[in-house]
Amino acid sequence: MGEMAIVIETVIKAITVLAVVAGMAAFATYIERKVLAFMQRRLGPMHVGPHGILQLAADGIKLFTKEDIVPQNSIKPIFKIAPVIAPASAFTAMAAVPFFPEFTLFGYTVHPIIADINVGILFVMGVASVGMYAPLLAGMSSVNKWALLGAARTVIQLLSFEVVTGLSILAPLMMIGSLSLIDINDYQMGGVGSWLAWKQPLAFVLFMIAGFAETNRTPFDLIEVESEVVSGYATDYSGMRWGLFFVGEYANMITVSFLVSIIFLGGYNPIWFIPGGLAILLKISFFIFLFLWVRAAWPHVRPDQLMWLCWKVLMPLALLNILLTGIVLI
Amino acid sequence: MKLFFFTFVSSNLRYYIQHLKRREDPRVSLEFVLAASITFILAILLPTIFLLTKNLGPNTKGNRAKNLAYESGVSKSFGDGQGKFNVKFYLVAIIFVLFDVEIIFLFPWAVNVRELGWFGIFEMFTFMFLLASGLIYIYKIKALKWQ
């Protein structure tokens, strides 16, 4: 029964991760509306339940039961499949992310990682970038000019910033000498002073900027500039099909928050008196708040400014960072 | 087709489980393959279940006006939804392929940089210098200049 136990354990872990992340994605929409409202001196959702907390359930019921419209000119099979790709790739990428420190449950040691592989970070980046097919296929199969332009913009944005993500993460990896996220976490065991953010500040900033761009968050949310491309690749989508893109975006936000916390901010190592599990929860809550804060505070950039930023500022900086790290290390 | 798929999956699963039993050291960790495929199947399943819930609500075929593509209310739309668009988008995609291959090439080097020492540094910096000069050429021909 040894192998069956592994299968059952993996299934339980995977279901837990999927359920928790889907729940967090739903809850993040409520938090986002509240935080944005408070930053603009409004109250946000207030009517459904105490402080509008049941707004979540109301939105869910509406989204789940909404009529499904498929435009008549669209390429129907691709149009229907495309939204599934976004959450599927985002959830699969989480298979290699260690969420918490090991803990014991009913005398059984649980490793809170679905697949403990030694090239974890490559797996996460590779699988998460498959999500790029969702906007591309959605935009091209809708047969709609807004969708086509939105898809083209989204894809070049994601492609360009993938280069920056890869290059910025190389410098910390040179210091650590391993691609496993658990090794990266263990490298920073010596408290706040050993966090990689202090040793690699440039890589940290570059990775954060690339993370904002990869999840299409505000300074770079060129896909949903209403005055230019209506709502980009999702123009012809409605109901749950549109909702799946949304779930994928929020799941990606959570993945990026976990990655930044683990690689640069000490991951799930305990800080002073705070236990490791709580520490990483605080860190990812902070990053999700940062995503919303930036959305409230910054206008978005123009597409040509985005390309300028990526290829002429961030990429040379990332290359320079690798050169410097290499020379210092040897 | 469905039967073929099922036998394919089940035979693969049996193969993995046999390897797990023998605790061999295969090229790819089979526990990982198993775990990743289980996650992938569940990750496909969850959105599919989400999509099926539309049957709870009103289930109409829509009407002609509702099923049109969104064109800002213009009844006779101008141009084609699958028409041409700026070639710069393709250009960026091609440049991306170039640099992404560079990054994949850099990953194994980055992990072993300490063991390789100055030799590895010189080799890889030469490679990066060549690609950086390619980047300068791309700036020069204004491939990344929009308008």
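Which residues make a nonpolar surface patch of about 700 Å²? I looked this up in a predicted model. The patch is made by A:Phe100, A:Phe103, A:Leu105, A:Phe106, A:Leu278, A:Leu281 and A:Leu282. I then checked the elements. β1 (103-105) and α12 (276-297) of chain A each give two or more residues to the patch. α12 of chain A gives the most, with three residues.

I picked one residue of the patch, A:Leu281. A:Leu281 is found in helix α12 of chain A. Is A:Leu281 buried, exposed or partly exposed? Its relative accessibility is 38%, so A:Leu281 counts as partly exposed. That value lies between the cut-offs of 20% for buried and 50% for exposed.

Next entry: cavities. Rolling a probe the size of a water molecule over the atoms shows where empty space is left. I found two cavities of 30 Å³ or more in the whole structure.

The largest cavity has a volume of about 40 Å³. I noted its lining from chain A: A:Lys66, A:Glu67, A:Asp68, A:Ser238, A:Gly239, A:Met240 and A:Arg241. B:Leu51 and B:Lys54 also line this cavity. Helix α11 (residues 239-264) of chain A supplies the largest share of the lining, three residues. I sorted the lining by class: five charged, two polar and two nonpolar residues.

The second largest cavity has a volume of about 30 Å³. Which residues line the second largest cavity? I listed A:Thr29, A:Tyr30, A:Arg33, A:Gln55, A:Leu56 and A:Asp59. α1 (2-39) and α2 (55-64) of chain A each supply at least two of the lining residues. By class, I counted two nonpolar, two polar and two charged residues in this lining.

Technical notes:
Residues numbered from 1 in each chain as written. Chains lettered and ligands numbered in written order. Predicted model: local features only at pLDDT ≥ 70, side-chain atom pairs only at ≥ 80, totals over all residues. Heavy atoms only, no water. Patch = residues over 30% accessible without salt bridge, like charges linked within 9 Å, V, L, I, M, F, W, Y side chains within 5 Å. Areas by Shrake-Rupley, 256 points an atom, 1.4 Å probe, with all protein chains shown as cover. Salt bridge = Lys/Arg side-chain N within 4 Å of Asp/Glu carboxyl O. Helix = DSSP H or I, 4+ residues; strand = E, 2+ residues; numbered from the N terminus. Buried < 20%, exposed > 50% of the residue type's maximum accessible area, 1.4 Å probe, protein only. 1 Å grid on protein atoms, 1.4 Å probe; cavity = no way out; pocket = protein on both sides within 12 Å on 5 of 7 lines; lining within 4 Å. Points joined across faces, edges and corners; volume = space filled by probe spheres on them. Nonpolar A, V, L, I, M, F, W, Y, C, P; charged D, E, K, R; others polar.
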